[in-house]
Amino acid sequence: MNLDLAKFMLKQTPSSILDPTPTMNTPLPLNTGATIPALGYGTWQSPPGEVKKAVLYALNAGYRHIDAAYCYQNEPEVGEALKEAFAGGLKRKDVFITSKLWCTYHRRVEENLDISLKNLGVDYLDLYLMHWPVPMNQNGNHPLFPKHPDGSRDLDSDWSYIQTWKLMEKLPATGKAKAIGVANHSVPYLEGLLKEAEITPAVNQIENHPYLPQQEVVDFCTAKGIHVTAYSPFGSTGGPLFQEEGVQEVAKKHNVGPGTVLLSYHLARGSSVLAKSITPSRIDENRTLIKLDPTDVDALDQIHKTKGVTRYVFPPFGPKLGFPDTEAKA
Ligand SMILES: NC(=O)c1ccc[n+]([C@@H]2O[C@H](COP(=O)([O-])OP(=O)(O)OC[C@H]3O[C@@H](n4cnc5c(N)ncnc54)[C@H](OP(=O)(O)O)[C@@H]3O)[C@@H](O)[C@H]2O)c1
């Protein structure tokens, strides 16, 4: 095409087309060639008896990414919701389903994947993540959180998360996981993994919000072609960030709720995001996304400098920290 004509056409194209406002299912590219929806629905701490109803409500409300995990101990109910939605006409191919390998299964990757597939009632996952780069004793005193008599973690120190990744790399060829990725990997862990990896993780799912922007992880992942999915966008249990003044200011400027700002923050940074709620009105409300401008993102990025949490240390777990999305229920 003639260069001048191309420039002219570009100038005439409205910015709403060139840089559209994100919607909940805006497809974001993965390094596998597939895409992941901008907004996902989280299931951690969704209690038994309520999670099926909530997942079904979310699917009916248009959410097309369901984030599950073996460790959340509610996958069978998530599966019941999926089954009902599929019976109602939803196509498997139209839902992006994620689950995660638990720490006591690092030596038995395919076995844990098979359990999640059975729990969820599907024959493949769109994404399977290593939940933490922390192998734990598979023969310990607890199936999920084994501990030594002194209360410290019973880690599997003869096994490394890189060996685990090597087992995960076998999964795409089985057809049971379309993409593989990691979660809770800081830059040193990613560097260690990439040195040995034949498959670059498609995703790194990390805790991410204005109290914990983890810009160095986001930048590293962007440079390596690893998509970031942000979890705990509201600050997790109880959504403490809804009350944050800096968030409320940006919300006021755009005439939206703080939740919209907290979710849209990640889209402005090129990440997808997971929101959890079991409350129908909130599940609906959380679907609203807007395009934040660079000054908004900058204002949100300032918040952690004075009010950021210090609990995220390297390595990303410890006696006081536990595993943020798992310990509460274990
Ligand atoms: N890979 C990992 O290690 C990891 C770790 C943590 C989380 N995750 C994933 O990310 C998902 C989201 O993170 P999260 O569950 O930690 O927390 P979150 O989504 O930041 O916050 C959930 C909390 O916010 C409340 N909430 C949601 N929408 C609200 C609204 N519009 N107004 C007021 N309150 C609202 C929820 O209450 P109600 O439910 O009572 O409405 C719940 O208490 C998880 O469910 C899980 O799928 C992954």
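Predicted model: local features only at pLDDT ≥ 70, side-chain atom pairs only at ≥ 80, totals over all residues.
1. E196 counts as exposed because it has 12 C-beta neighbours inside 10 Å. The scale is as follows: a residue is buried if 20 or more other C-beta atoms lie within 10 Å of its own, exposed if 12 or fewer, and partly exposed in between, with C-beta atoms placed from the backbone. E196 belongs to helix α8, residues 187-196.

2. Residues are numbered from 1 along each chain as its sequence is written.

3. The protein chain holds 13 helices and 10 strands. Its radius of gyration is 20 Å, close to the 20 Å that the globule rule gives for 330 residues, so the chain is as compact as a globular protein of that length. That radius is taken over C-alpha atoms, and the rule is 2.2 Å times the number of residues to the power 0.38. Along the principal axes, the C-alpha atoms fill a box of roughly 65 × 45 × 45 Å. Helices (H or I, at least four residues) and strands (E, at least two) are DSSP runs, numbered from the N terminus.

4. A closed barrel of 8 strands runs β3-β4-β5-β6-β7-β8-β9-β10, with parallel pairing. Two strands pair if DSSP finds at least two bridges between them. Neighbouring strands of this sheet are turned by 25 degrees against each other on average, direction ignored. Strand β8 (residues 203-207) pairs with strand β9 (residues 227-231) in the parallel sense over 5 bridges, and E207 stands opposite Y231 in β9.

5. Helix α11 (residues 258-268) lies across β3 (39-42), β9 and β10 (272-275), and runs at about 155 degrees to β10. Axes here are lines fitted to C-alpha atoms, for helices over the stretch in contact, with angles from 0 to 180 degrees between N-to-C directions. In α11, 10 of the 11 residues are buried; among the elements covering them are α10 (245-254), α12 (280-285) and α13 (294-307). G270, which follows α11, has a positive phi near 85 degrees.

6. A268 is also in α11, but counts as partly exposed because it has 18 C-beta neighbours inside 10 Å. Not counting residues up to four places away in sequence, A268 touches L292 and V297; contact means that C-beta atoms, placed from the backbone, lie within 7 Å.

7. UniProt places the feature "binding site" at H131, in an unreviewed entry; such annotations may be inferred rather than shown by experiment, and positions are given in the numbering used here, with feature names shortened. H131 lies in the loop between β6 (127-130) and α6 (161-168). It counts as buried because it has 25 C-beta neighbours inside 10 Å. Leaving aside neighbours within four places in sequence, its contacts include K100, W102 and A183.

8. The largest nonpolar core has 82 residues, and L39, V55, V78, Y128, L129 and M130 have the most contacts inside it. Such a core is a set of buried Ala, Val, Leu, Ile, Met, Phe, Trp, Tyr and Cys residues joined through C-beta atoms within 7 Å. Beyond four places in sequence, V55 is in contact with Y41, T43, I66, V78 and A81.

Key:
Contact = placed C-beta atoms within 7 Å.
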